[in-house]
Every structure is written in structure tokens, then in C-alpha cells.
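Good morning, everyone, and thank you for making time for this short talk. Please look at the sequence and the model as they come up, and keep both in view while I speak.

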Amino acid sequence: MNNNDMMEREEIFSKVLRAGRRTYFFDVRATKADDYYLTITESKKFTNDDGSFHYKKHKIYIYKEDFSEFKSILSEMTDFIIEQKGDEVISERHQKDYKKEYNDDNYSSETEDNLKATESFTDVDFDDI
């Protein structure tokens with residue numbers, strides 16, 4: 001059996017999750033004994049200085065005998081993070097084009113006017129003084 005036949009035999013079921021620069025691949029594969037296991041691959045795109053790009057990949061293998069505990073711990077950890085920090089992605093605040101979406105009842109047109117007023121400030125470089 002050549003490599004292509006082996007790859008076709010191994011890949012049973014796949015799902016893809018695209019998440020910004022990251023892509024997650026969930027693949028059910030078959031062992032030589034025709035049992036199934038799960039691979040999760042994170043692929044992250046990096047751009048070089050010359051504009052070209054490359055991908056870094058990390059893969060984990062999860063076998064059936066570990067599914068129950070893996071699923072339990074994953075659920076516990078994700079629940080903990082959401083309970084402690086909510087589901088807002090805090091790192092988005094640090095992006096230069098971040099704009100807060102106001103769903104707060106305290107947000108008013110006065111708040112909007114204040115935001116517009118600060119947009120009219122001039123950037124001053126201390127070398128200019």
C-alpha cells in the first residue's frame with residue numbers, strides 16, 4: 001500500500017475551525033488495527049518581513065481510552081475561564097482598530113460626544129516642542 005492509500009484509509013472524519021490567524025483541524029483517523037483516534041492540529045499563519053508567509057503547526061493525539069477524562073477536564077477548564085473572565089476576548093482591546101460596542105444602559109449621546117471630542121485632539125510629538 002503506498003502513502004496516498006494509507007492517508008486515505010486513515011482519514012475517517014474531519015472538521016475545521018477557522019479562528020483569525022489560527023485554524024484548528026479535528027481529524028478522526030484509523031490505526032493500523034483499524035481502531036479510531038482523534039488528532040487536533042493548530043495551524044497558525046506567520047508573515048515574514050518580505051511579505052511571504054509560513055505556517056507553524058502543533059498536533060496532539062487523543063486516544064479512545066482518554067476521551068472521557070479529556071472531555072471532562074476540557075469542559076471544567078473552559079467553564080472556569082468563562083466563569084472567571086466572561087466570554088469577551090480581552091486581547092481584542094489591545095488591537096489598534098478596536099472599537100468597544102456599547103450595549104450598556106449608561107451609554108448616552110453625551111458619552112458619544114465626549115468620544116468625538118477626543119478624536120479632534122492633535123497628536124503632539126515631544127521632539128516638536
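Predicted model: local features only at pLDDT ≥ 70, side-chain atom pairs only at ≥ 80, totals over all residues.

Let me begin with the overall plan. The protein has 3 helices and 4 strands, where helices (H or I, at least four residues) and strands (E, at least two) are DSSP runs numbered from the N terminus. Read from the N terminus, the elements follow the order α-β-β-β-β-α-α. Of the 129 residues, 9% count as buried, and here buried means under 20% relative accessible area, exposed means over 50%, and partly exposed lies in between, with a 1.4 Å probe and protein chains only.

Now to the sheet. The 4 strands form an open sheet in the order S1-S2-S3-S4, with antiparallel pairing, and two strands are said to pair if DSSP finds at least two bridges between them. Strand S1 (11-19) and S4 stand at the edges with a single partner strand each, so one side of each has no neighbour in the sheet. S2 and S3, for their part, pair in the antiparallel sense over 9 bridges.

Next, the charged side chains. A salt bridge is a side-chain nitrogen of Lys or Arg within 4 Å of a carboxyl oxygen of Asp or Glu, and by this rule there are 2 salt bridges. In one of them, arginine 22 joins glutamate 42, with the closest N and O atoms 2.9 Å apart. This pair links distant parts of the chain, since arginine 22 is in strand S2 (residues 22-30) and glutamate 42 is in strand S3 (residues 36-47), 20 residues apart. Arginine 22 counts as partly exposed, at 33% relative accessibility.

Aspartate 35 and lysine 64 also meet in a salt bridge, at 2.7 Å from N to O. Here too distant parts of the chain are linked: aspartate 35 is in the loop between S2 and S3, and lysine 64 is in the loop between strand S4 (53-63) and helix H2 (67-85), 29 residues apart. Aspartate 35 is partly exposed at 34% relative accessibility, and lysine 64 is partly exposed as well, with a relative accessible area of 45%.

What is the nearest side chain of opposite charge to aspartate 27, which is buried yet has no salt bridge? It is arginine 29, 4.1 Å away, where Lys and Arg count as positive and Asp and Glu as negative, while His and the chain ends are not counted. Aspartate 27 has its place in strand S2, and leaving aside neighbours within four places in sequence, its contacts (heavy atoms within 4.5 Å) are with Phe13, Ser14, Tyr37, Leu38 and Thr39.

Finally, a word on aspartate 34, which lies in the loop between S2 and S3. Its phi is near 65°, a positive value in a residue other than glycine. Most residues other than glycine have a negative phi. Aspartate 34 is exposed, with a relative accessible area of 53%.

Definitions and conventions:
Residues numbered from 1 in each chain as written. Heavy atoms only, no water.
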